[in-house]
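Reader: Hi! Could you walk me through the strands in this one?

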Amino acid sequence: MGKEYKRTLFLILCKAVHDLYPEGKLKIMFPVSNGYYCELQVGEVLSPEIVADIRHRMRDIIKADLPIMAHKKPKEEVLKVFEGDASKTSLMESLDTKTLRYCSLDGYNDTFYSEMLPSTGGINLFGLELYYNGMLLRVPDVNNPEKLGKFIRQDKMFDVFMASHRWQDRMGIGNVGTLNKAVEAGYSTQLIAVFEAMQDKNLSKIADDICSRRDVRVILIAGPSSSGKTTTCKRLSVQLAVNGLYTKQLSMDDYYVDRELSPRDEEGNYDFESIHALNLSLFNDQLNALINGEEVELPRYNFKMGKSEKSGKTVRLEDNEVLVIEGIHALNPELTAHIQQRMVYRVYASALTSITLDDHNYIPTTDNRLIRRMVRDYKYRNSSAEDTLSRWTSVRRGEDKWIFPYQENADAVFNTALLFELAVLKPQAEPLLAAVHKGSPVYDEAKRLRSLLRHVMPMSEKQIPPTSLLREFLGGSSFEY
């Protein structure tokens, strides 16, 4: 199921709400529980009956197979079309362009910043149900489009997303249009200071929670690619030190089994992302020894030879110290199956992007991470945007299998996304994306990301502090990596 399907479904939802509640206010906010959380204000408490009416209207629109028309007109004309919708007009006004695009469906106008299906009849499966105080729009399973994606409760993820949205609303910057206006008005320095302080405060709360649990001796930090796990680990260590608790770090990479013992994937290749590529027995034995105050010699993995070796490096855990371990399997209970769980604290770190383009266009968290990774890969690994884009599908496949199923196992979820980061990454990311040639298999994806960044007013990185999580990708960090 592609992006066109989802965007068309969003349009149908917006059209159905408009038909039934012309004065209603719908916000498509963020992905959660294998769907998309939406808030709807209609002058009364949202009920199962209201949701059912919208669902039935959506089905009628789909059955009618109505054409979706694309329009490109002068900016002034389009602003008049959307007069009264501040979330859209604030974005449009901030764009340096003479023309704008929008779409129409049976007399209803909207903006969606990617391709859509030619008509509503292309939608054959969706779900819509009451979820918390809003609605959950459900979409077909990625691997089996004949059925809806499995519903999974993600209360912790939902709470973090909602907290970010509420905080942004209090700041008066909930979408890219209002962010652009703030940047244009010269508030960049204040924005950076406030949002960096917010992240510090959230990390401080996590550190306080860890210190309140006196039995904790092991902190596990997991997150998907380019989520900022490494900087999260280092900044959390600083906050723990403020509380008189110091950290020693172990690298999960040193616990790989010898290469010939590694599991293989469906194609017969070594699967180094599998949890069973790790020597779980040795890992648990050494963790238990360290927890008990014993000294252990750490292994060292020789990646060139594909062999586990003795490192000659010994470590002991003092009473005022905890182990901090970062890795993709950190939330998987199988990793520490033989450790007393009261001694383990799990942190999930991810860029849970909460700023939207407008009320109907959320920014995928995966796009945020992909742009981070693209900038970092070019700066530190001499990789082109084409290289990064080409590998991304494989990266996502590993995340879907080994990281995302365990998100709710976390004791704390830390949102590494910064409200302004796309604006700061834009000056470095745009030239990289522009270098992807038209004949490339990933050209369309590069073009889509360029379109996303086109809506964001750039900010200089000079004001980003050296301890910022963004410095992991931009360079110039005061931390060693």
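Author: Happy to. One term before we start: two strands count as paired if DSSP finds at least two bridges between them. Also keep in mind that this is a predicted model.

Reader: Thanks. What is the strand order in the open sheet of 3 strands?

Author: The order is β3-β4-β5, and the pairing is antiparallel.

Reader: Which strands stand at the edges?

Author: Those are β3 (69-74) and β5 (108-110). Each has a single partner strand, so one side of each is left without a neighbour in the sheet.

Reader: And how are neighbouring strands turned against each other?

Author: On average by 35 degrees, with direction ignored.

Reader: Nice. How many bridges link β3 and β4?

Author: There are 6 bridges between β3 and β4, which covers residues 99-105, in the antiparallel sense. As a landmark, Lys-73 stands opposite Leu-100 in β4.

Reader: Which strands does helix α1 lie across?

Author: Helix α1, residues 3-20, lies across β4 and β5. Its direction is at about 135 degrees to β5.

Reader: Changing topic: is β10 mostly covered or mostly open?

Author: Mostly covered: of the 7 residues in β10 (296-302), 5 are buried.

Reader: What does β10 pair with?

Author: With β11, residues 307-315, again in the antiparallel sense and over 6 bridges. Here Tyr-301 stands opposite Ser-308 in β11.

Reader: Which residue in that hairpin takes a positive phi?

Author: Gly-306 does, with phi near 70 degrees. The hairpin of β10 and β11 has 4 residues between the strands.

Technical notes: Residues numbered from 1 in each chain as written. Predicted model: local features only at pLDDT ≥ 70, side-chain atom pairs only at ≥ 80, totals over all residues. Heavy atoms only, no water. Helix = DSSP H or I, 4+ residues; strand = E, 2+ residues; numbered from the N terminus. Axes fitted to C-alpha atoms, helices over the stretch in contact; angles between N-to-C directions. Contact = heavy atoms within 4.5 Å. Buried < 20%, exposed > 50% of the residue type's maximum accessible area, 1.4 Å probe, protein only.
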